[in-house]
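Subject: Structure handover and notes

Hello,

Please find the structure below, with its sequence. My notes come after it.

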Amino acid sequence: MNKLKLHNTLGNKLEEFIPINIKNIRVYACGPTVYNYAHIGNARMAVVNDLLVCFLRTIYPKVTYVSNITDIDDKIIAASEEKNIPIKELTKKFTDIYNEDMSVLGVSLPDIQPKATDHINEMIELTKLLIQNNFAYEKEGHVLFDVPKFKDYGSLSGRNRDEQIIGSRVEVAPYKKDPTDFVLWKPSPAPKPGWESPWGFGRPGWHLECSAMSEKTLGLPFDIHSGGADLIFPHHENEIAQTCAAHNNTHDLKSFAKYWFHNGFVNVEGEKMSKSVGNIRLVNELNKEFKGEVLRLTLLSAHYRQPLNWTRNIIKQNSTMLERFYRNLKDLENIDAYKDNDQIDDVVIEGLYDDLNTPKVIAELNVLSNQLSSADNKMKSRIKYNLLEVGKIIGILQNNPDTWLGYGKSAILDETTIERLIKERNEARGNKNFDLADQIRDELKEKGVEIEDTKNGTIWKSV
Ligand SMILES: [Zn+2]
């Protein structure tokens, strides 16, 4: 039997996944800060986690997946001021756009999508515990986490103290006892938004919200905490420190989350994505140009931990590959998918058990596709089953092949006219009047309809 192995950032090694409670696997992923359109890096996190959750659901009876929305943050406040839109309106707008963009990529909504502003009380309570346990201090209206008191700080990222100081990359504020200390709560002078707290009117630091929301929605400890690799330090390091220190579990970092799962960066045409280079690829724009399924397959074409180089060429390659798979399914439309024991071939699925190795799985699907031409009906039936069932897990090949390939749709001609012309052409061919047959074919092509003669008759698609 296959066993699921995942790379755990905490400990930095491949580990067998052993659930805390086999009846309910609990996963938390850091979601978007909603003040702008999501880029392809955000989408990679969403798609990779969607795959993880979908695969876990094929192994275990229940998975609870939580991914939050950060709807209060300095960048949100700045965007709201700049665009002169109230914060609530701005964050609602970009939450809706985010969910819609991700659904085009086949990403299901998380079971719970908590919002930071709905959990301010939990954050205040967590901060009180940290002060009580002597891991946090109040200074000038700020509450700060006292990092040197948390002995294992740096365990997740593997950064030593010097690297932590460089990594914090902010000017050392005068109210900090130590340069690595981070903000749990800060003042928020009017007209900036805020909440009443024992430390005055203010708002939470970003790191605090995920500790509060994951505990509230999943309970402690939970199985998997995930996010983009850019969040390992300081965000996830800080989350561990907060949660373990608040519950006096500093000796056991896994008392928060057992496995830490991180996806790699997305580069664009070989360069780091950045505002200054102007190469940020927004999902909303890409969705207008490409099919969501093509983008999804492209995002899964590299192993999730590796950097993904996003190029037009790689999108094209994945589009061609999907087209070939759909053509295979079209060729197999009169063959029933294999049902003998409802098992995906081991060689095809084992890549997923091995730390979600999607390139291996995709390569195996291609092997099956190449075997089709020489396959007997029994083999064809198995190939169809594998394509459809693996496709279901990785989120591809679930559309009707005719629809995907564009058969049966034309913007210019109505269907009756097309069918009539095809019939006339076939009659002309039957009468060996090939000039007329070619003429009809050309006429259709001019009007954006391409025909193809198959064993099962003539089919058409718009081009
Ligand atoms: Zn987070």
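Predicted model: local features only at pLDDT ≥ 70, side-chain atom pairs only at ≥ 80, totals over all residues.

Residues are numbered from 1 along each chain as its sequence is written, and side-chain values use heavy atoms, with hydrogens and water left out.

Overall chain

The chain has 16 helices and 15 strands. Helices (H or I, at least four residues) and strands (E, at least two) are DSSP runs, numbered from the N terminus. The C-alpha trace spans about 95 × 55 × 35 Å along its principal axes. Of the 463 residues, 51% count as buried. Buried means under 20% relative accessible area, exposed over 50%, and partly exposed in between, with a 1.4 Å probe and protein chains only. Among contacts (heavy atoms within 4.5 Å) between residues at least 6 apart in sequence, 74% join residues at least 24 apart.

Zinc site

Cys 30 (SG), Cys 210 (SG) and His 235 (NE2) coordinate the zinc ion, at 2.0 to 2.2 Å. Their spacing along the chain is C-x179-C-x24-H. Cys 30 lies in the loop between strand 3 (25-29) and helix 1, and Cys 210 in helix 6 (residues 206-218), so the pair ties together parts that are 180 residues apart in sequence. Both cysteines, Cys 30 and Cys 210, are buried. Donors here are N, O and S atoms within 2.8 Å of the metal (3.2 Å for Na, K and Ca); water is not among the atoms, so sites may look incomplete.

Cavities

The structure holds three cavities of 30 Å³ or more. On a 1 Å grid over the protein atoms alone, a cavity is a set of points where a 1.4 Å probe fits but cannot get out, and lining residues have an atom within 4 Å of a point. Grid points are joined across faces, edges and corners, and a volume is the space filled by probe spheres set on the points.

The largest cavity has a volume of about 120 Å³. Of the 16 residues that line it, Ala 46, Tyr 98, Val 107, Ser 108 and Pro 110 are the closest to its centre. Helix 1 (40-59), strand 4 (63-67) and helix 3 (87-104) each supply at least two residues of this lining, and helix 3 gives the largest share, four residues. By type, the lining of the largest cavity has nine nonpolar, seven polar and no charged residues. Ala, Val, Leu, Ile, Met, Phe, Trp, Tyr, Cys and Pro count as nonpolar, Asp, Glu, Lys and Arg as charged, and the others, Gly among them, as polar.

The second largest cavity has a volume of about 40 Å³. Its lining includes Val 48, Leu 51, Leu 299 and Leu 356, and it divides into seven nonpolar, two polar and no charged residues.

Two of these lining residues have further notes. Leu 299 is found in helix 9 (residues 292-299) and is buried, with a relative accessible area of 1%. Not counting residues up to four places away in sequence, Leu 299 touches Ile 40, Ala 43, Arg 44, Val 47, Leu 105, Leu 308 and Trp 310. Leu 356 is in the loop between helix 11 (346-353) and helix 12 (358-371). Leu 356 has a positive phi of about 50° although it is not a glycine, and at 2% relative accessibility it counts as buried.

Helix 2

In helix 2 (residues 74-83), Ile 76, Ile 77, Ala 79 and Ser 80 are buried. Seen down the helix axis, these buried residues fall within an arc of 165° (taken from the directions from the axis to the C-beta atoms), so they line one face of helix 2. They pack against helix 3 and strand 8 (202-204). The face turned away from the buried side carries the exposed residues Lys 75 and Glu 82.

Other backbone details

The peptide bond from Ala 190 to Pro 191 is cis, with omega near 10°; Pro 191 is in the loop between strand 7 (182-187) and strand 8. A cis peptide bond also joins Phe 233 and Pro 234, with omega about 0°, and Pro 234 lies in helix 7 (residues 232-246).

Regards

How values were computed:
1 Å grid on protein atoms, 1.4 Å probe; cavity = no way out; pocket = protein on both sides within 12 Å on 5 of 7 lines; lining within 4 Å.
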